[in-house]
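I am opening the notebook on this entry. The plan is to go from whole-chain totals to single residues.

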Amino acid sequence: MPGNKYFKCEGAGIKKLENVLVAYSIHNQNVGYCQGMNFFAALGLLYLDEETTFWYMVAIIDKILPNDYYSTGFLGAQADQAVLQEIVAAQIPDLSEHLLKLNANISLVTFNWFLTVFTDAMPTECALRIMDVFLNEGHKFMHRVAIGILKMYKDKFLSMHDPITMFQFLKALTHHTYNVEELFTVAFDRQFPSRGHLSSRHSHHLNHLKQEWQERKKEEHVHKEAPMQVLAPPLPPQTQCAFAPERRTKESFQSSQWDRSLK
């Protein structure tokens with residue numbers, strides 16, 4: 001809700017938002033606070049009191065979204081992006097092939113869509129409708145919305161041959177998508193993979209990511225235990241994992257000078 005006056009500077013919602021986020025970080029100390037939660041928490045506070053917003057967050061993070069969505073490494077959220085790419089390949093094959101030719105990974109943009117349940121990507125009116133259906137239909141609906149957006153603008157994407165231009169367009173287009181009825185019509189216009197199938201594919205990718213994560217940790221441990229030697233310099237920041245939103249524990253969240261803007 002970066003443009004909402006309720007959450008600007010000393011707006012009335014700032015303290016309430018902080019209270020809700022701290023309460024959740026205490027409730028689920030394995031997750032703590034992750035940048036991204038604040039967006040859908042803020043959306044809830046526009047209509048709900050603090051306690052109800054807290055339970056709304058518990059429902060989203062603990063019940064609706066898959067496991068490990070906001071855990072270290074965001075493996076659950078990354079697994080969702082792998083599932084989304086499979087759905088794109090199955091339902092929009094010409095776009096999938098075009099993206100492969102350009103070596104364009106749309107997860108650099110769509111990852112944030114899923115992490116914030118579209119509340120940081122859509123105008124408030126659309127975000128409210130999406131959240132309403134998401135709470136009723138569950139996690140599967142996020143994939144429907146993402147596929148609907150890609151279908152709506154498919155011809156535009158196919159006309160682009162520069163990945164940077166495509167990413168800029170993809171990142172901006174959702175903020176100007178106001179016709180939620182058209183979006184829902186496109187999102188529900190054909191048969192979609194079942195919840196069971198999506199859950200199975202998500203688990204498959206999650207297990208693979210966990211294995212890679214464990215192997216990476218083992219390699220780091222070996223390097224720490226190895227005798228001193230000349231090592232190659234570390235990779236520059238831009239080559240690190242693109243999926244690294246800020247995470248905070250309860251203690252660091254409470255003690256830090258919390259950024260009072262939602263950015």
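I began with contact range: of the contacts in the protein with a separation of 6 or more, 79% are between residues 24 or more positions apart; contact means heavy atoms within 4.5 Å. The model is predicted, so I note its terms: local features need pLDDT of at least 70, side-chain atom pairs count only at pLDDT 80 or more, and totals for chains, interfaces and linings use all residues. Residues are numbered from 1 along each chain as its sequence is written, and side-chain values use heavy atoms, with hydrogens and water left out.

I looked up the secondary structure next and found 13 helices and two strands. These are DSSP runs numbered from the N terminus, with helices being H or I of at least four residues and strands E of at least two.

For burial, I read that 46% of the 263 residues are buried. Buried is under 20% relative accessible area, exposed is over 50%, and partly exposed lies in between (1.4 Å probe, protein chains only). The protein exposes about 14200 Å², of which carbon and sulfur atoms supply 53%; the areas come from the Shrake-Rupley method with a 1.4 Å probe, and for residues only the protein chains shown count as cover.

**Core**

I looked up the largest nonpolar core and got 69 residues, with M37, F40, M57, Y70 and F118 having the most contacts inside it. The largest share of this core, seven residues, comes from α8. Such a core is a set of buried Ala, Val, Leu, Ile, Met, Phe, Trp, Tyr and Cys residues joined through side-chain atoms within 4.5 Å.

I then followed F118, which is buried at a relative accessible area of 0%. Leaving aside neighbours within four places in sequence, F118 is in contact with W113, A127, I130, M142, V145, A146 and I149.

**Rings**

Which residues do ring pairs link into a cluster with F118? I found W113 and F114 linked with F118. Rings of Phe, Tyr and Trp (its six-membered ring) pair if their centres lie within 6.5 Å; planes under 30 degrees apart are stacked, over 60 edge-to-face, and the rest tilted. The count by this rule is eight aromatic pairs. W113 and F118 are tilted, at 5.7 Å centre to centre and 35 degrees between the planes. F114 and F118 are also a tilted pair, at 6.0 Å and 45 degrees. W113 is buried at 2% relative accessibility, and F114 is buried as well.

**I130**

I placed I130 in α7 (residues 124-137), buried with a relative accessible area of 1%. Beyond four places in sequence, its contacts are V117, F118, M122, F141, V145, L183 and F184. I130 and L183 are 53 residues apart along the chain, with C-alpha atoms separated by 10.0 Å.

I listed the buried residues of α10 as M166, F167, L170 and L173. They fall within an arc of 140 degrees seen down the axis, so they line one face of the helix; the arc is that of the directions from the helix axis to the C-beta atoms. The face turned away carries the exposed residues I164, Q168 and K171. Cover for the buried residues of α10 includes α5 (93-102), α6 (107-115), α8 (140-152) and α9 (154-158).

I found T177 in the loop between α10 (163-173) and α11 (180-187). Is T177 buried or exposed? T177 is buried, at 2% relative accessible area. The side chains of T177 and Y153 are joined by a polar contact of 3.2 Å. For that term I noted a pair of N or O atoms within 3.5 Å; within protein, one must be able to donate a hydrogen and the other to accept it, and residues adjacent in sequence count only if both atoms are side-chain atoms. A polar atom of the T177 side chain also lies 2.9 Å from the backbone oxygen of L173.
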